[in-house]
Amino acid sequence: MFKSMRVLFTVMLLVGVTFCAVLLSGCAPKQKKADEAYKIGAILSITGRASPIGQPEKETVELLQEQINKAGGINGHKVEIIVEDDAGDETKAVMAAKKLLNKDNVLAVVGPSLSGTTLAIVKLFEESQTPMVSCAASVKITDPVQKWIFQVALTDRYSIPNILRYLESKGIKKIAFISDSNAYGQSGLAEMENTAPQKGFEIVAKETFGGEDTDMTPQLTRIKGTDAQAVVCWGTNPGPAVITRNMKQLKMTIPLIQSQGVANAKYIELSGDAANGVVMPAGRMIVTAQLAENDPQKPILLEYQKAFEAKYKKTPDHYGGHAYDAVKLIFKALEKVGPDKALIRDEIEKTTNFVGIDGIFNYSATNHNGLSEDSFEMVQIVDGKWTILKTK
Amino acid sequence: MKKTLKSDYGILIAFTALVSVVPFMLANKYYISVLIFVAINMIVAVGLNLLVCHAGQISLGHAGFYGIGAYTTAVLTTAHHCPVWVDTLIAVALAALIAWIMGTPTLKLKGHYLAVATLGLGIIMHIVFNEWEKVTGGPSGIVGIPGLSIFGRGIGSDLAYYYLFWSFALLTLLVALNLVKSRVGRAMRALHGSEVAAAAMGINVSGYKVKIFVLSAALAALAGSFYAHYVTFISPTGFGLSFSILLLTMIIVGGAESVWGAVIGSVVLTSLPEFLRGFKDYDVVIYGFILVAVVIFLPAGIIGGLRILKERIGRRGTAESA
């Protein structure tokens, strides 16, 4: 009996000691050297369900790190971007944030990719007074404004006015709204319900669908029974593509407006011929070639696409664009004020007329999402290709 | 029987000592927050261990109870300004009540049927969190949940949370160890072996099953409430099927033969992904490899492996002395 206890104790002790040894090994205090690398963190959903968002963001972050270090770093300092995966999980995002803030002592953080993971760690950044530039799109992230939190993604607040302006130009006043039953669809619906009635629109039908549903004809049949003059759909692939095809099958002739959430090649691929004629707001990335030569964003879009294609042999999307803007904003601030978290924050807040992938950024003390309605173009799919619509 | 209980107490005391000194051996706050999540998961895992490993009733819906705890706390504290701790009590009571109502019919089922029923239960709760937008905030969740406080003083530091949550985890462990070794524990093991035989021996089979189900649901809700207070934000993603499966993985990888299996399982499965961050892109591969290796080479879990190791050393010891 005593022997077995002793053995168990030994095992426990061994386990405990190794545990602590492993814990301690990683965190010996390091001497700060004059030419030490500037450390930036990134929390992205590289694996898990949101990997189509996190993966291009990670690739972009690594591309930019390589570029800046090849060019000699920032003010002679190399830049090290420590990328952590949160797998789209909020608990993992909290742990990743704690690691970056407490163990790696990063100067600023890019990401997270998703609204949920961002909202879960906002508090940690406020407490530790470290600037965060989120790549997620929820309006809640920067409304109300929080001191250390910035956002680069285009939100519904800017896309919906564009849609309403387009509908108005077509003389449409009664709309049916069909949304994905996830955070994205919910946020679109809330924003539409806030804005549309003020501008004289009437939402005559509200329907929802599950992201994985393969048939939306019941919802669309109900919409068909109303006097809606257009359908506005708010979702991310694959649901909106199903709606596009179902509308064709039901021979619904009223226009279909999609959200910026499906402004990607995958949507056209999934919808096939039915996609032709669909209108949506989109960032300028997908229509770079059609932009006027004097468009300020054109050179930067071309440069990013060329570099991304050269390194990864595929076309970048707007998710990568979010990461690009977030990293560049931090680089720019770092270059100007050096490795001081508070000064970096102030510098990001002072950013004006910063030309990025998502648009032209203007931050201020009361606006931590630097974009505006002008960051969107209304595009229409013609023969399976994006075409800019002139509505302004 | 008495001797094993004594040795359990010995280990518990050693473990408590280890838990109380670890923060001073850690140079970094990040590891403390990892251990805070270990404590939260341990409370759920120990409760699930009692249900699955001792009473032999599977549950694929424990994330639902964990979610009920978290959501009750979140809703009460943000929308109704309920004082902290009171919300935790209500969360635990509510989860226990739901478990009692749900458990009474479902626990009459056996084997796969029970697994599917609890699976359904978990999924239904996840759908409620997602769709009952007015109350749960829908998919975008609830922000601004207040942190815990003691005697009116807010707990600011991770260190305080560490000691608070670990006290509860150790208390849960103590209760579980006692329960297993008590009359109730023996009754549970009897009905695990054969329900018919247990009933023939005069054990109230369905009564015990419901009670243990309620207890483990209440523990899950307690942990869920702590989670909500610590992270201060919740959304439905953390309370889905994948978390239920993670919990089951914890108790199986840790070892189903004892409550200590749940302890080891929650420590290993919560902290391992964090240690593997150093491997960058390969962390998921290594994580999966370790899990597969444990299941193949240690079919009785880590605790079972330790027991075999101990027996071997013990045999060698007696052989040498002979």
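Contact is taken here to mean heavy atoms within 4.5 Å. The model is a predicted one, and the contacts described below are to be read with that in mind.

B:Ser235 lies in the loop between α10 (205-231) and α11 (241-254) of chain B, and because its relative accessibility is 2%, it counts as buried. With neighbours within four places in sequence again set aside, B:Ser235 is in contact with A:Glu90, B:Tyr71, B:Pro139, B:Ser140 and B:Gly141. The C-alpha atoms of B:Ser235 and B:Val143 are separated by 8.8 Å, although these residues are 92 residues apart along the chain.

**Helices of chain A**

In chain A, the axes of helix α2 (residues 51-70) and helix α10 (residues 298-312) come within 11 Å and cross at roughly 100 degrees, and α2(A) and α10(A) are therefore roughly perpendicular to each other. On the side of α2(A) the contact is made by A:Pro56, A:Glu59, A:Thr60, A:Glu62, A:Leu63, A:Glu66 and A:Gln67, and on the side of α10(A) by A:Tyr304, A:Ala307, A:Phe308, A:Lys311 and A:Tyr312. Sorted by class, this contact of α2(A) with α10(A) has 6 nonpolar, 2 polar and 4 charged residues.

Helix α8 (residues 239-249) of chain A is largely enclosed by the rest of the structure, because 8 of its 11 residues are buried. The buried residues of α8(A) are A:Gly239, A:Pro240, A:Ala241, A:Val242, A:Ile243, A:Thr244, A:Asn246 and A:Met247. What covers them includes the strands β6 (174-180), β7 (202-209), β8 (230-234) and β9 (256-258) together with the helices α7 (217-224) and α9 (265-271), in chain A. Just after α8(A), A:Lys251 takes a positive phi of about 55 degrees.

**Aromatic pairs**

| Pair | Centre to centre | Angle between planes | Arrangement |
|---|---|---|---|
| B:Phe15 and B:Trp166 | 6.0 Å | 70 degrees | edge-to-face |
| B:Trp85 and B:Phe168 | 6.0 Å | 25 degrees | stacked |

B:Phe15 lies in helix α1 (residues 2-25) of chain B and B:Trp166 in helix α7 (residues 158-181) of chain B, so their pair ties together parts that are 151 residues apart in sequence. B:Phe15 is buried, with a relative accessible area of 9%, and B:Trp166 is buried, with a relative accessible area of 3%. The other pair links B:Trp85, in the loop between α3 (62-79) and α4 (86-106) of chain B, to B:Phe168, in helix α7 of chain B, 83 residues apart. B:Trp85 is partly exposed, with a relative accessible area of 25%, and B:Phe168 is partly exposed, with a relative accessible area of 25%.

Key. Residues numbered from 1 in each chain as written. Chains lettered and ligands numbered in written order. Predicted model: local features only at pLDDT ≥ 70, side-chain atom pairs only at ≥ 80, totals over all residues. Heavy atoms only, no water. Axes fitted to C-alpha atoms, helices over the stretch in contact; angles between N-to-C directions. Helix = DSSP H or I, 4+ residues; strand = E, 2+ residues; numbered from the N terminus. Parallel < 35°, antiparallel > 145°, perpendicular 65-115°, else oblique. Nonpolar A, V, L, I, M, F, W, Y, C, P; charged D, E, K, R; others polar. Phe/Tyr/Trp six-rings, centres within 6.5 Å; stacked < 30°, edge-to-face > 60°. Buried < 20%, exposed > 50% of the residue type's maximum accessible area, 1.4 Å probe, protein only.
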